[in-house]
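Good morning. Please have the structure open while I talk.

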Amino acid sequence: MLALISIRSVSLPRFRAIFRVLAAAAVVFTTSVAEAQPAAPDGLRPDTMAARVAACTACHGAQGRAGTDGYYPRLAGKPQDYLYHQLLNFRDERRQYRPMSHLLVGLPDDYLREMAQYFSQQHVPYPPPTRADVSSATLEAGRVLALQGDAARGLPACASCHGAALGGLMPAIPGLLGLPRDYIGSQIGSWKNGLRRAAAPDCMADIAQKLTPTDIGALAAWLSSQPVIEPYVPDAAGSLTLPAQCGSQAQR
């Protein structure tokens, strides 16, 4: 799901798996929660949100803890408004990824809010990071961009929006740690080539246009190599003065 899926094509077996789960979830959507019901697939009660988002966790892992292939990001614990905005963006085609669009087409805003709330409340441990197989110079370049930016090119540090610990900012800026290297690189690339968009003014699109392929590789390598230190939570709303206006913070 969300914000954050690779533009790489999905294999036919993956499509079949997704839509088998989606078909089961469709039964859940139309069944009265007041009725006594048999267990859903995998032992989940069909009157729970955990069962209703089974089509999401088929790719994003149990409780949204992340997929196993490096392309499906973690949903668990992300800010509710961020997750909600990404669901809106996929449904309304500001983000381009056909399986997500198919899953969300026709779902009302209120239901998307419930889905976002469910995943925002899931708190599961982060796995240890995998150090990227790149040079120390590349990692250092990524660290500098993430924590200091590049004033000469008008590039703010990632930390200036995503927080000093890179844990995000309420209400709608996500954390950057605990994400796969390939996913980070693909998402910055998607902003750069217009496959990923957010509500205007799209601050991330503006930043992505200033990043070179070398910059993107260094950022993805460094960010994905950093351990998550608990408690890893978004900073409070208003605790940072953003370097640019971001429409995603005001999107509803």
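This is a predicted model: local features need pLDDT of at least 70, side-chain atom pairs count only at pLDDT 80 or more; totals for chains, interfaces and linings use all residues.

How many cavities of 30 Å³ or more does a search of the whole structure find? It finds three. The largest cavity has a volume of about 590 Å³. Its lining is made up of 38 residues, and those nearest the centre are His 162, Pro 174, Leu 176, Trp 191 and Met 204. Which elements give two or more residues to that lining? They are α4 (80-91), α8 (159-162), α9 (181-193), α10 (203-210) and α11 (213-225). The largest share comes from α9, with five residues. Sorted by class, the lining of the largest cavity has 27 nonpolar residues, eight polar and three charged.

Now the open space. The largest pocket has a volume of about 400 Å³. It is lined by 24 residues, and nearest its centre lie Pro 127, Pro 128, Gly 178, Leu 179 and Pro 180. Eleven residues of this lining are nonpolar, seven are polar and six are charged.

The second largest pocket comes in at about 280 Å³. There are 21 lining residues here, with Gly 77, His 123, Tyr 232, Val 233 and Pro 234 nearest the centre. This lining divides into ten nonpolar, seven polar and four charged residues.

Last, helix α7, residues 136-147. At 1.5 Å a residue, its twelve residues should span 16 Å, and the end C-alpha atoms are 16 Å apart, so the two values agree.

Which residues of α7 are buried? They are Leu 139, Gly 142, Leu 145 and Ala 146. Seen down the axis of α7, the buried residues fall within an arc of 125°, so they line one face of the helix.

As for what covers the buried residues of α7, the list includes α8 and α11. Both of those helices are also among the elements that give two or more residues to the lining of the largest cavity. On the face of α7 turned away from the buried side sit Ser 136 and Ala 137, which are exposed. After α7 comes Gly 149, with a positive phi near 75°.

That is the end of my part.

How values were computed. Residues are numbered from 1 along each chain as its sequence is written. Side-chain values use heavy atoms; hydrogens and water are left out. On a 1 Å grid over the protein atoms alone, a cavity is a set of points where a 1.4 Å probe fits but cannot get out, and a pocket is an open set with protein on both sides within 12 Å along at least five of seven lines; lining residues have an atom within 4 Å of a point. Grid points are joined across faces, edges and corners, and a volume is the space filled by probe spheres set on the points. Helices (H or I, at least four residues) and strands (E, at least two) are DSSP runs, numbered from the N terminus. Ala, Val, Leu, Ile, Met, Phe, Trp, Tyr, Cys and Pro count as nonpolar, Asp, Glu, Lys and Arg as charged, and the others, Gly among them, as polar. The expected span of a helix is 1.5 Å times one less than its number of residues. Buried means under 20% relative accessible area, exposed over 50%, partly exposed in between (1.4 Å probe, protein chains only). The arc is that of the directions from the helix axis to the C-beta atoms. Contact means heavy atoms within 4.5 Å.
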